[in-house]
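Please look through the structure below before reading on. The paragraphs after it go from a pair of helices to the nonpolar cores and then to one more helix.

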Amino acid sequence: MGLPESFVQRSSGESIGPHRDLLTASPDTLIAVATAPHEPCPRRHAAGTVLGLLGDPRIRVLDPEMIDVPAARVGVGLPPERVAEITDRWRHVGVVEEWIAKECPVHEVDIAAFRIARYPVTNSEYRAFLQDTHETWLPKSWPFGVYPRELANHPVWGVPAEAADAYAAWLSRRTGRRFRLPSEAEWEYAASGGDGREYPWGESFRPECANTVEAGPLTTTPVGVYPAGRSPFGLDDVGGNVEEFVADDYRPYPGGTPAPDDLLLTQGPYRVARGGSFTRYGDLTRCRRRHGWYDKPIYAIGFRLAETP
């Protein structure tokens, strides 16, 4: 379940040629184009690419844009009677019941007010962390360990969950704020808005809303260039682009039983990832979907910060 088995040709950020007017546009204009729902995807991508090359003002290493999420009591998880329905809907891309059963049952969670980053952590932000700390967690998505300057405002991926934790701890030390990874319940609440919707944008999968295998360029994209997929609280790329580690290891939900999926059987305890990616199909963009990481290139997983007020 993942990348297509046959050759496909997709447009990507390399296609700036048809949009040469963007090369002389101001950063404000580029941001407006990159985040405009009425602009076609190739033009949004091109605007985001130019922004990345010039220096994207949306990306602030020591002051990332955070969104306030109010306290609430929310239902997390999936009713068991829906497992077969969800599996059947995505069976054509290899989904099996054991993967979906991990989402059961629905349970109530009291969530305190918190903040969550609008965007996943980008390559440029992660580079600043490595330069400041001299840590050796090089992303596997950086060929030969070389920082991909042209992908500065794309989400970083290919680092372990421990590196994500270390990044949050580093930023906390640098700023005096309390950054961390979101819990599973916080992530699901922030992605869905707390109304139980299936995807961050609504009830049906829409390929134009997320960078996934269905219609994406089969590479990461600049953050924020899929505005139709924005969550109710205003999170970008919460479905698609790269998956995101959360703070929790996999365990059954209250009242549930361990799901004997391949991750649990082969790896034992593992850190949960959420949100879908450019290497995977749209089933992983479901707000309830629980996933994890194999150490393989197809597992494009990064992270998004949360903050305790």
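Axes are lines fitted to C-alpha atoms, for helices over the stretch in contact, and angles run from 0 to 180 degrees between N-to-C directions. Helices are DSSP runs (H or I, at least four residues) numbered from the N terminus. This is a predicted model, in which local features need pLDDT of at least 70, side-chain atom pairs count only at pLDDT 80 or more, and totals for chains, interfaces and linings use all residues. Residues are numbered from 1 along each chain as its sequence is written, and side-chain values use heavy atoms, with hydrogens and water left out.

Helix 1 (residues 27–34) and helix 2 (residues 41–54) have axes that come within 8 Å and cross at roughly 145 degrees. In contact (heavy atoms within 4.5 Å), Pro27, Leu30, Ile31, Val33 and Ala34 of helix 1 meet residues of helix 2 including Arg43, Arg44 and Leu54.

A nonpolar core is a set of buried (under 20% relative accessible area, 1.4 Å probe, protein chains only) Ala, Val, Leu, Ile, Met, Phe, Trp, Tyr and Cys residues joined through side-chain atoms within 4.5 Å. The largest has 53 residues, and Phe114, Tyr126, Tyr167, Phe303 and Leu305 have the most contacts inside it. Helix 6 (residues 161–175) gives the most to this core, eight residues. Leaving out residues up to four places away in sequence, Leu305 touches Tyr167, Ala168 and Leu171, among others. A second, separate core of 16 residues includes Trp99 and Ala210.

Helix 7 (residues 184–192) is mostly covered, with nine of its nine residues buried; among them are Glu184, Trp187 and Ser192. Gly193 follows helix 7 and has a positive phi, near 80 degrees.

Technical notes: Helix = DSSP H or I, 4+ residues; strand = E, 2+ residues; numbered from the N terminus. Buried < 20%, exposed > 50% of the residue type's maximum accessible area, 1.4 Å probe, protein only.
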